[in-house]
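Welcome, and thanks for taking a look at this one with me. Below are some numbered points to read alongside the structure.

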Amino acid sequence: MKLPRLLHRSTSPKTALLTFCAIALLAAGWAGHASAGDAGAGSGAPATAPATTWNGRWSEEVLELVATIPVQSQGRVKPLHTWAGFALLGSNHRRSCKDADGNKLKPLEWFMDAVFRPEHSKNHRCFLIATTEVLDAIGLTEDVRERRKIKKRDRYSYNDLFADEKDRRKLQSLAADFHKVDAKKRTRVEMGIVMLETSVRMLEGLNHLVAFAGVQMPVSEVPGMGERFPAGTKAGFMEILEATPRLHALVKSERGAMDPHAGHGHDHGAKDPKLSKQGQAADDVLTGAFAAVRRSLSIGMFPPSGPISQEKQWFAVTDVVGLSTLRGMLDPGHLEAMRVLGDMAASVGDQRQFTAHLKDYHERVRKMAEARGEYEKIEQEVAFYQLDPFGKSLVLYLIAFALLGVTWLRPQWRWLEIAAWGLVWGTLALHTYGIVQRCLIRDRPPISTLYETVIFITGTGVLTMLLIEHMGRHKVALALAPIVGALGLFIGARYEVLKGTDTMPQLVAVLDTNFWLATHVTAISIGYCAGLIAGLIAHVYVLGKVFRIKQDDPGFYRVVGKMVYGTLCFALLFSLVGTILGGIWANDSWGRFWGWDPKENGALLICIAQLAILHGRMGGLFKTFGVCQGAIFGGMIVAFSWWGVNLLGIGLHSYGFTSGVMRGLMIFYGIEAAVMLAGTYAWWRDRPKKKAVAA
Amino acid sequence: MRTFWQKFIDFLGSFELAFALLVLLGLVTFVGTMDQQNLSLYDVQKKYFESWIVTSPVPMFGGRLLLSVFFVNMIVGGIVRIRKGKSTLGILISHVGIVALLFGSFIEDQFKTEGQLTLWAPERFSDINGNGVFDPGERFLDSNNNGRFDDGESGAQYRDPDTWEVAVTELMPTGAAREYVVPQEHFEKLEDGGSTRYQHGQLPFDVVLSGYARNARPRPVTAGEARDGIGLGGFVLASRPAVRAGERARNWPGLVVTLQPKDGSRAQATLLCKSASESQGIIPWPVRMGERRFQVDLRNRVWDLPFRVRLNRFVHEKHPGIQMAKEYSSYVTKFQGTRATDLHITMNEPLRHEGYTLYQSGWGPPPEIDPNPSRLYSTFSVVANPSDQVPLWSCLVIALGLLIHFMRKLVLHLKAESRRRTPKPQGEMA
Amino acid sequence: MRRATLLLAPLLAACALLAACGQGEETHEFSDIRDRTKPRSTVPPNITAAQRYGYRDPRAMGPHGGDPHGGNPHGGDPHAGMAGMGHGGTMGAGAKPFTWKTPEGWEEVKGSSSRDGSWRVKGEPQTDISLSKLRGTGGGTLLNVNRWRKQMGAADLDQAALDALPKLKVLDRDAVYVNIPGRYGGGMGSKGASIEDARMLGVVLTLPTAAIFVKFTGPSKVVEANQAKFEQLVASIEMAAHGGAAPPAQPAPKRGGLPSFTWTIPESWEQRKGRMGRVVTVAPKGAKETDCYLYLLGGDGGGIDLNINRWRGQMGQKPLTPEEIAGLERVDALGTKAVLMKAGGAYGGQSGENIQGATLYGAVILKDSYLLTVKMRGPASELEGEWDNFVAFLRSVKEK
């Protein structure tokens, strides 16, 4: 209630200035908070170091080392820094979480806790529950929730949610049921359940990742091991793993060659009449070894020793143990890496030793990856995410906008105008640097995913605005430039959260063509961008008319009208060429130029709208005002083509359904429709007056 | 005083008409896009874009009508009657480009044939040299060499799974065959009754087609039905509701073929339709006329390629650890006369030759049917489209035209701006 | 009445005119003539019409179906199956599709009709070994394996775990081999007692159009002791000669070779004199326009769907989709399931009967070598309350 009153009262320019700055800075600060979430908090917990457990925080050195460990996930080799960032983003909708004491943890801290301090990590609040109905569904009754202080949409820890084992099972069985429901038909709660299960399962997988390190088994009857580990003693997992190829050969020879495949699935582990007592003991140990790693997260951690042309898939812990127990195949490099991983798990209590083992592990995996040429981009990618160019650009755009706001109120401060103008250019440079870095990391043209269209179109939009400003120097485009930048990057950040997965995914075969990505996709995106910008500038015209701003300055409206018209021409060029290029691409990959697919139709609609506006204007059907209304409508069509058709869930270009996108789109349509209606009203309201003036 | 005719031409070439057409085209495109949530793409194309009039959900003009009128509008207004000069040069050029694009799609609509060619790969990769290394390029075959590469399947015909033809094949004593073919367009109008007779001097009989149904199965006649005239060999055609495009099931047409010998002997007739047995399609009808042997078949339309393609190897690869496809590639050899060329067909890189284009479009057997097949097959879409390259050239022309026009405008604008700024060097924003 | 006729007359005339136009025969020359070095496909010159339509033919061999290697169901050339024309031997009609060597110490037993082979370990009544072939893939290997795991109370596998399972050769192809310990709860519809410390050995082979299952359940100890024998049995399974390569012409199954039937007429019904061709005609006592009859067709008689939709057509109703038919009520009859249907409307039969406000009850029973229909139709008023009698009647039908 206070804010409107404050705004209302702030009639004096000075108060207005102060208020404006305050709001802008608040907004900037908030955005920075939201996007640059992994800028860590430094308060350390008391560093007590008992032998087995340890309650300290991970040192910078450890985190630096862990960041550049390469892993393979979703078909791509990436730094653990990226993996952990998106894993936490997907689970917690932000790149951080809080521990039980309220300390803010970076993704890698969360990751290290989950792997090496499983019990500790179960208190980290890393599950965002979007709706309390999810809590109802998994059976947390009111009083339980009261007791565990669970009340509303919030972030919870594993222990908050699953203090009772049966709640965990309930979630599991519900998720299994809802998983069968077609993803498009799931309700919000069903979707929430499925996503929560995915996140919980990931945490559990991490918790068990190095659990093998603590496994011990009696092996007194196992040939070749019994001597070292007589009855009453137990062998550690690594000793067993080392022996698996030999044990496997033994079991195989006893089973006989009748069935060459007769390995030994996890269904087995039962008495086999063909096996001797020793053979049976060996078989039991093999079964036990595989069981010990079954729950560990399936993430590619060990690069194969062969060349990349022959073996593409990295080995997870389960793969290493599975292959050695089922087929007797064990890569010595993997065995050593596993051993070091186990040593790390065992030395958590002694951070100095832990760090030494970590260095060893890092070195081994890095060398294996380097030999296959899969390490080149790892450090570059970590640097990219640590720099966070888009998050920083978002903040800088907001600051630039605030500065520009000040220059309207204090036009005489030329230096400030120049500074703001320079800041926009500088931010654009940072923004562009981010885009270029992504291109270099991926070896791709700037756009190959929906996320990248947002980032690219925003950058192009800012650039276009600045160029328009250079042509005219009317300060309109300059003022809009940082708005475009901030809004676009904000949408990009929201979309990243909504998706919650790596934004540098592998591409399906048909998209795997840098030529068409560089031509068609780029052209059509520039077309989108120009279409949206024409619409945005048209807002200035229409809203100006609605609120009767600068009524005595027809020159202002003439200039804005020209900008809209020029941008539309620019948009048409790229939309039309981009659309036809898309047809040519389709003709090259599917054998038809045009198929009335929703995405194709969307692009066609943009061209049609822009052609209609230009022809209507040339034919004298309407004048500048009509062009501006048309441009706003054109912007709505661009949004339909860019986002809307994907929501229809049909056609060759469908990328899957995202309800958050739907909501955003509906809000956009609502606002635009309101602006157009208001514009139409203003046109009707002002028309007779003009006649009077003319008369 | 303008005549009505002049006024009509004015109207045909007017901006107003262009604007109205664009708005209507936008409307039909939008509704046609939204309706794809309910209808299959094929049905939507038929209903909205390949039609003259759309009646529901709201009455509007169909895409075909609008584009036809638009075509005329653009020629009359945008090319013929447009004021020619420096200022309209760019617009003129881009209009020519769009007209060419529309004309190209008209040609495509009329003359394009498309179908599929499925080839099985050999168990092991084999190429012309037999060295197992892919080595693109052309070489000449000696006659001994030619027959040796037969482990990979080869084909020189493509088949359209959606359309049908009746083929009367004479099986020559030499092992050769001559086919007399009736395309679907001829017999599909028999759905409402009637019959059509086909003749040829070389055939000892006339072929009469009747009783066509889009989707039909044979059914034994029951006691009550056993009348004369129906029930060929004790069976009748039972018509079924036609299957919508996009559904898993497919339509199997059926019709009655009667052969009327020219020597006046008794006519023979049969049904051509899908076998009731799941695993069989439509089985041809063998007929003997004196010493000559024939076979009558209702089959998918088949076209001949002027060359032969053999599949040497098919590669499909996924991204490591996930189900996403990374690559589909076919390594083929093209045989034409005594020349053989090793080629690589993959997504986005089709094989173009003599007006035919072969695209990588599918493969199998799918894992759910055979999880570890010893051989794979690769399916190519084959398209013969005389206007294949028209869009590319029109695109360049349109881009050039628009660039000329907008650049000219931009330069004029910048000149005006600098003129505006020179006399008033300061304070214009105050 | 007269007015209506007057109004209709021009309409009818127009129809007749249109029909006449449609009947006119156009004549064309063949214009598309192609010479080939060999025909695209050939069929045996002596194939009969019935064989081409996929029906059992009295003069020659049986229908072509069921060969798991034949056909090309996934988008291939519909003629590709033609290559298998000569040897798509029958699999129904009581002939066993497989041969095998029963291991020593095992005995063959008579299993349910859905099995192609059934054994047990001598002296171990709790053991059960079965071989069966399913048309279609039964939902795929994973689903089948998990169905078994469920029977043993084991958790589901995912695809990766399935891939890791060992393989065993069946019919020269790799089949998934499972070994599941647990508590055996019995298979579908099994009334057998559950076994506490049980084990299941199973082999699933998924083929393009069929799935083959070999399953061994019993107390853990017995199963473990017999594992090698199970594997021997699996290795010995082959396609029976008539199911594989060139089948001998089968003895002609004449119409007379079809079974005869017995039935029980419900108390309130009576037998009537029916038309030729019917097995029997019955009707509720006192009903004037209603009758109910059994009708027997050889082969698959056009199948269930066709018969149901034919009846619906007679009642002026739209045909049902296969999915809708799959959802119809079923009852046990003749050792299989009879598919039941009801329809209301105006009945128009083949021989010109017409009943307004009619009801039709129908049942279709598809057996290996014949199709039996039970149909009852008449005015709705006469059929009221007769449904239970109808069902009882059809369930009473037995092969003689």
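1. A word on terms before we start: two strands pair if DSSP finds at least two bridges between them. Please also keep in mind that this is a predicted model.

2. Strand β7 (residues 167–170) of chain C is joined by four bridges to strand β8 (residues 173–184) of chain C, and the two run antiparallel. Within this pairing, K169(C) has D174(C) of β8(C) as its bridge partner. Two residues lie between the strands of the hairpin, and L171(C) takes a positive phi near 50° there.

3. Five strands form an open sheet with mixed pairing, in the order β12(B)-β11(B)-β8(B)-β7(B)-β1(C). The edges are held by β12 (268–272) of chain B and β1 (25–29) of chain C; each has a single partner strand, so one side of each is left without a neighbour in the sheet. From one strand to the next, the twist averages 20°.

4. Stay at the chain B end of that sheet for a moment. Strand β11 (residues 254–261) of chain B runs antiparallel to β12(B), and five bridges join them. One pair to find is T258(B) with its bridge partner A269(B) in β12(B).

5. Now for an overview of two chains. Chain A has 26 helices and eight strands, whereas chain C has 10 helices and 20 strands. Of the 695 residues of chain A, 46% count as buried; for the 400 residues of chain C, the figure is 38%. Among contacts with a separation of 6 or more, residues 24 or more positions apart account for 71% in chain A and for 55% in chain C.

6. How do α22 (residues 514–546) and α25 (residues 624–647) of chain A pack? Their axes are 7 Å apart, at an angle of about 145°, and the crossing is left-handed. Among the residues making the contact are G531(A), A534(A), G535(A) and A538(A) of α22(A), along with A631(A), G634(A), G635(A) and W642(A) of α25(A). The contact residues divide into 11 nonpolar, six polar and no charged.

7. Most residues other than glycine have a negative phi. K475(A), however, has a positive phi near 70°, and K550(A) has one near 50°. K475(A) sits in the loop between α20 (450–472) and α21 (476–499) of chain A, while K550(A) is in the loop between α22 and α23 (554–589) of chain A.

8. Are these two lysines buried, exposed or partly exposed? K475(A) counts as partly exposed, because it has 16 C-beta neighbours inside 10 Å. K550(A) is partly exposed too, with 13 other C-beta atoms within 10 Å.

Methods:
Residues numbered from 1 in each chain as written. Chains lettered and ligands numbered in written order. Predicted model: local features only at pLDDT ≥ 70, side-chain atom pairs only at ≥ 80, totals over all residues. Axes fitted to C-alpha atoms, helices over the stretch in contact; angles between N-to-C directions. Buried ≥ 20, exposed ≤ 12 C-beta atoms within 10 Å, placed from the backbone. Contact = placed C-beta atoms within 7 Å. Left-handed = near helix turned anticlockwise from the far one by under 90°. Nonpolar A, V, L, I, M, F, W, Y, C, P; charged D, E, K, R; others polar.
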